Amino acid sequence: MSLTDSTMPRDPQAPKGRPTPKRSESQTQRRSVANTSMTRKDASKRQRDERRLAMEKQRQALSGRGSERDLPLRDRGPIRKFGRDYVDSRINIAEFFLPLAVVILVLSVVQIPALQNIALLLWLVVIVLIVVDSFWSVFKLRKLLAERFPGQDTKGTVRYALMRSLQMRRLRLPKPLVKRGERP
């Protein structure tokens, strides 16, 4: 039997390998740890520097050059990464909403009734296409999540991916890591 067997309780009379410190020594050691000579100004400066460093790490991770560990909590994990990659691998109609909205607004401002009618029709077509595409994405992503991550909690991933699909590709954070057409 070894001397460091953790299943056996230690005999209270057995030596512990070092002398017990005197009370005065342990109290001064505790006080020196507790009473660090840091003023409020120094503490706030140190806290600000730590926060700046953490934000820089997070910015690097969001731009695709940092580690997954430094991403914000909502973007971490293999399930969220899969949701991001799924959205980034396909063409989403919703990502073209802002440019289309500008075109439609310009058409609706023009004082030609035929162009204004076309603008109204385009609004309707764009909204319907976005809704249909979003439903198709949700259906397909739920199916893929159930196949890839059986028994794991995928709560919130579909909403996360749907919100990502509404953003223009070049403005998405974290940056897309897969090209269009690749499989996630």
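Reply: The side chain of Arg172 makes a polar contact with the side chain of Asp88 at 2.7 Å; a polar contact is a pair of N or O atoms within 3.5 Å, of which, within protein, one must be able to donate a hydrogen and the other to accept it, and residues adjacent in sequence count only if both atoms are side-chain atoms. The model is predicted: local features need pLDDT of at least 70 and side-chain atom pairs count only at pLDDT 80 or more, whereas totals for chains, interfaces and linings use all residues. Residues are numbered from 1 along each chain as its sequence is written, and side-chain values use heavy atoms, with hydrogens and water left out.

A polar atom of the Arg172 side chain also lies 3.2 Å from the backbone oxygen of Gln167. Arg172 itself is found in the segment after helix H6 (157–165); helices are DSSP runs of H or I with at least four residues, numbered from the N terminus. With a relative accessible area of 0%, Arg172 is buried, a term that means under 20% relative accessible area (1.4 Å probe, protein chains only).

The surroundings of Arg172 can be listed as well. When neighbours within four places in sequence are left aside, Arg172 is in contact with Val87, Asp88, Asn92, Glu95, Arg164, Ser165 and Gln167, where contact means heavy atoms within 4.5 Å.

Terms used. Helix = DSSP H or I, 4+ residues; strand = E, 2+ residues; numbered from the N terminus. Buried < 20%, exposed > 50% of the residue type's maximum accessible area, 1.4 Å probe, protein only.
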